[in-house]
Amino acid sequence: MVGKPATISLANQRFELHVFIMVAELKIVVVEDDRERVIAIVDALKEACLCEVVVIGDRSGLARQIAAHGPDIVLIDINNPTRDMLEELTLASGPLDRPVAMFVSGNSDGMAEAAVEAGVSAYVVDGLSPARIKPVMDTAIARFSMVRQIRNELAETRRALEERKVIDRAKGLLMKAKGIDEDAAYALLRKAAMDQGRRVPDIAEALVTAAGLLG
Amino acid sequence: MKRVRISVAYMPLVDAAPLIVAQEMGFAQGEGIALDLIAAPSWSSVRDMLAFGRVDAAHMLSPVPLAMGLGLGGVTTQVSSVSNLSVNGNVIGVGRALEVKLRAAGYGFDFADPIAAADALIQVADGPITFGVPFPFSMHVELLRYWTDATGLSDRGITVRTVPPPLMAQTLAAGEVDAFCVGEPWGSVAVEADAGALILPCKAIWAFAPEKTLAVRTDWAETEPDLLGRLIRAVWKAGRWLSDPATHATASFLLSRKAYLDVPPELIDRALSGHMTISRRGDLRRVDRFVEFHEGAATFPWLSQGKWIAERLQRANGAASLSDTRIAQIVRPDLHRQHLAKTGCDLPGASAKVEGAILSPTPVATAHGEITLQPDCFFDGQIFDPAEESALKN
């Protein structure tokens with residue numbers, strides 16, 4: 001880390017060191033309220049580059065809060081509904097003197113596409129060099145896609161569990177109504193699904209719904 | 001027949017109905033396509049998904065493609081408006097604090113007269129009023145500014161702040177904004193949450209305001225003319241289906257599904273049928289054609305509408321103005337007409353009109369006979385003549 005300017009006594013040296021700090025340290029704002037995620041992202045960013053990271057979790061007056069920090073880069077989950085609040089920052093008449101722009105692909109080898117795919121959106125101060133943006137974005141993209149993958153897997157597992165439950169109930173209904181065993185009940189469901197060109201869980205759900213209405 | 005899939009991003013709003021109906025009622029299938037509808041959490045997300053190729057088409061605020069053309073906001077990919085998805089459909093409302101003051105002052109909540117509403121607000125407001133809107137580039141902002149400027153409400157001090165529609169009710173309740181302008185069903189949701197009351201349909205400000213547009217990347221439109229045609233036709237047919245009042249109940253149920261809007265069908269039906277409940281006390285107001293998907297050539301993307309929006313965006317944000325040629329590259333009545341020609345439907349012969357000049361339903365000449373354009377007046381009687389504006393600039 002770089003020492004504080006106040007430790008140096010000569011005014012002109014202090015000034016030079018101050019300029020050095022401005023160039024070296026990027027100020028990154030991360031908008032995120034999930035604690036675990038915040039820790040993972042902040043650690044990764046600090047490893048990737050010399051930067052100061054500010055986390056904002058509270059969405060009230062978001063644009064104002066961000067402007068107060070004067071960041072070089074703002075990172076936010078693409079699925080965060082409060083993202084539209086950040087669009088105010090891109091207006092030239094906004095509270096920042098340097099407009100912030102969504103990272104545009106022009107000079108970045110498809111980085112914006114990769115970011116959208118990974119689920120992170122970035123707002124970058126105009127004029128910041130691509131060489132300085134790249135490590136930050138690479139890290140953010142990697143972290144966000146990891147989180148996204150975990151979430152997708154979780155959702156997928158949940159859905160599979162739900163479907164299992166419905167299929168079990170449908171099997172139970174068939175076994176009781178027709179006096180058949182479990183394997184026969186499943187075979188019946190599967191045949192109906194194939195005949196109708198639908199998925200087994202959909203057939204099972206229709207059966208459970210119908211039974212609920214009739215019962 | 002194998003159907004080609006087209007991915008379309010949308011925001012969960014009543015005016016996404018033509019896209020949802022096109023997919024659910026088989027209009028897309030009839031054109032040999034299937035729509036992968038992707039709900040987005042924010043308008044910037046819709047824009048980015050379209051700009052960076054995650055989707056091919058989008059339900060979009062009609063000012064956004066023009067704002068992108070003006071270089072406003074973060075992303076400036078070339079995007080074209082090929083159809084209007086909807087006309088009108090927004091409401092202006094106030095939070096509990098202002099509602100109480102307005103009632104005490106004897107305001108009648110007629111939900112019709114913009115001048116009376118502004119006068120009442122001028123009378124009761126102690127200081128500046130903060131309005132929540134969904135996005136900086138939206139008809140919400142334009143109509144709100146138009147109304148407050150023309151009535152003198154702006155002199156009281158107006159702050160406009162971006163609030164995502166699903167958060168509008170709680171932001172109002174928390175007192176972070178005093179009032180709002182939002183698309184349905186979110187105004188009705190705020191009423192049901194007892195966060196405030198509705199004072200105006202935006203239709204009362206401009207009677208025929210282009211609200212949402214069917215937007216595609218300009219390069220996609222050029223490389224996939226056949227798919228574009230199918231998409232425009234499927235969505236147009238869905239709009240025509242929606243224009244029959246008999247379909248409102250079905251459409252409300254479709255839209256209310258968890259995968260789409262996930263709000264009770266009864267709230268969606270209010271906008272579709274124009275039977276609005278404007279306060280928690282249950283005051284009912286009838287608004288004829290509260291949101292329009294078809295009648296009066298609603299889907300037709302008039303160049304004059306685009307020009308009205310572009311000039312306001314440019315003036316408010318200090319951008320360089322868009323030439324008529326540039327506007328015609330963004331707002332595409334030519335593509336709309338070309339791809340609907342096959343359906344034999346009637347479309348206006350002209351591509352621009354004098355906005356604000358139609359005071360009552362008016363038949364106009366078309367290729368096949370005539371269609372009836374609906375009133376498009378501004379509440380203060382202003383006229384916007386696109387030809388005159390161009391002449392002044394040259």
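What pattern does chain A follow when read along the sequence? Chain A follows α-β-α-β-α-β-α-β-α-β-α-α-α, where helices (H or I, at least four residues) and strands (E, at least two) are DSSP runs numbered from the N terminus. This is a predicted model, in which local features need pLDDT of at least 70, side-chain atom pairs count only at pLDDT 80 or more, and totals for chains, interfaces and linings use all residues. Residues are numbered from 1 along each chain as its sequence is written, while chains are lettered from A and ligands numbered from 1 in the order in which they are written.

**Fold of chain A**
- The secondary structure of chain A comes to eight helices and five strands.
- Of the 215 residues in chain A, 28% are buried, meaning that 20 or more other C-beta atoms lie within 10 Å of the residue's own, with C-beta atoms placed from the backbone.

**Confidence**
- The mean of pLDDT, the predictor's confidence in each residue from 0 to 100, is 77 for chain A, and 79% of its residues reach 70 or more.

**Contact between chains A and B**
- Chain A and chain B each bring 23 residues to the contact, a pair being in contact if their C-beta atoms, placed from the backbone, lie within 7 Å.
- On the side of chain A that touches chain B, the elements giving two or more residues are α4 (83-86), β4 (100-102), α5 (111-118) and β5 (120-125) of chain A.

How values were computed:
Contact = placed C-beta atoms within 7 Å. Buried ≥ 20, exposed ≤ 12 C-beta atoms within 10 Å, placed from the backbone.
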